[in-house]
Amino acid sequence: MAGPRPVVLATGGTGGHVFPAEALAGELEARGVPFALVTDARGRQWQGALAHRPIHYIHSASPSGSLSARLVALLLLGAGLFDAWRALGRIGPSAVVGFGGYASVPTMLAARLRRMPAMLHEQNAVLGKANRLVLGGAVRVATSFARTRHLAAGDARTRLVGNPVREPVRALRGATYRAPGPGRVVDILIFGGSQGAASFSQVVPEAILSLPPELRARLRLVQQCRPEDIEGVRRLYAQARIVADLAPFFPDLPQRLASAHLVIGRSGASTVAELAAIGRPSILIPYPYAADDHQMANARAFEAAGACIVIPQADFIPATLAAQLAALVAAPHRLDEMARAAHAAGRPDAAARLADVVGELISPTLTPSGVVV
């Protein structure tokens, strides 16, 4: 007797697209549902659970840059469509799940041409360009935020599942938050990733050094810096006798996040999901050059829940940041309220919810057109 047909996961590119695919893969594996991967050349770098399953590589590219670069990208996407058509023919999947990014576009288009049940997962509060291109062929659209721009509010295909987070983050869901009382140490975690560390290394130290001495003496910092910035930032903090742990990367970031009284960072989908999963208050500075300004949409949605304070990049200057820091430290009850709001917004079962939506597709009562019979 033949076993169940695999589910194809179409992903690639940045970690923001790959992490949810890895989480879904783990959930499918736990449920005994086989899966295969279709990705572009960047998928060869994967080292996690996804690397231990069949991987089918296709051509792909992002149509951006100069006219010649866009034309080349379109040719590569066309080749990728042919690659994906053949791959899906060989795999014979029960469903195809796309996670955004142009690496997923050829596979999602091929699934539509082959009339295979397909769904999307959107990590941000804005439906990405790649997902918008293939939205018409999706039977289901799994979202991470209650409202997603470019997706009609009444779209019956939508399922709110959340954005899956890494297991080390999910394991800290129950870590209790205790706001710092008067005179107590205040632990602040600052991380901006490759797209935020440069300006953070300039603005944050200036803001910290402008605070009153009695407040500065209470601070204990953990800050991500670019390698070329570390020594300069370290000297500034040392001169002000501020305790600071600086590094380009923190392998134990989930634990650092759980130990923080306040987080300062960007507002990528994974960052917001992890803040919500653990439940920590934050000051978020959306990266202004993110596609479709999706980081601002993420931050504003989180802010509307009462979980964070948003500072647009144009307003991200030492005086503004210092004023927000001083106000929050002086109002521990507000930090506590923000932490509880963030925790309430968390969806630690996002991977299970996503797998449930996949189950809707592979149910024998669901036709490829999405009509229950």
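Ala, Val, Leu, Ile, Met, Phe, Trp, Tyr, Cys and Pro count as nonpolar in these legends, Asp, Glu, Lys and Arg as charged, and the others, Gly among them, as polar. Welcome to a predicted model, in which local features need pLDDT of at least 70, side-chain atom pairs count only at pLDDT 80 or more, and totals for chains, interfaces and linings use all residues. Residues are numbered from 1 along each chain as its sequence is written, and side-chain values use heavy atoms, with hydrogens and water left out.

**View A. The largest cavity takes three of its lining residues from helix α10.** The structure has one cavity of 30 Å³ or more (on a 1 Å grid over the protein atoms alone, a set of points where a 1.4 Å probe fits but cannot get out; lining residues have an atom within 4 Å of a point). The volume of the largest cavity is about 40 Å³, counted as the space filled by probe spheres set on the points, which are joined across faces, edges and corners. Look for F19, N163, P164, V165, R166, S270, A273 and E274 around the largest cavity. Four of its lining residues are nonpolar, two are polar and two are charged. Helix α10, residues 269-278, provides the largest share of this lining; helices are DSSP runs (H or I) of at least four residues, numbered from the N terminus.

**View B. The second largest pocket has a volume of about 350 Å³.** A pocket is an open set of points with protein on both sides within 12 Å along at least five of seven lines. Among the 20 residues lining the second largest pocket, S144, F145, A146, A345 and R347 are the closest to its centre. Helices α10, α11 (294-304) and α13 (332-345) each contribute at least two lining residues, and α10 gives the most, with five. The lining of this pocket comprises 13 nonpolar, five polar and two charged residues.

**View C. Helices α10 and α13 cross at roughly 110°.** Their axes (lines fitted to C-alpha atoms over the stretch in contact, with angles from 0 to 180 degrees between N-to-C directions) come within 6 Å. Therefore α10 is roughly perpendicular to α13, a label for angles of 65 to 115 degrees. From α10, L275, A276, A277 and I278 meet A342, H343 and A345 of α13, where contact means heavy atoms within 4.5 Å. This contact has six nonpolar residues, one polar and no charged.

**View D. Helices α2 (residues 67-91) and α3 (residues 105-113) cross at roughly 55°.** The axes of α2 and α3 come within 8 Å, and the angle makes the pair oblique. The α2 side of the contact holds L77, G80, L81, A84, W85 and L88, and the α3 side P106, T107, L109, A110, A111 and L113. This contact includes 10 nonpolar, two polar and no charged residues.

Key:
Angles under 35 degrees count as roughly parallel, over 145 as roughly antiparallel, 65 to 115 as roughly perpendicular and the rest as oblique.
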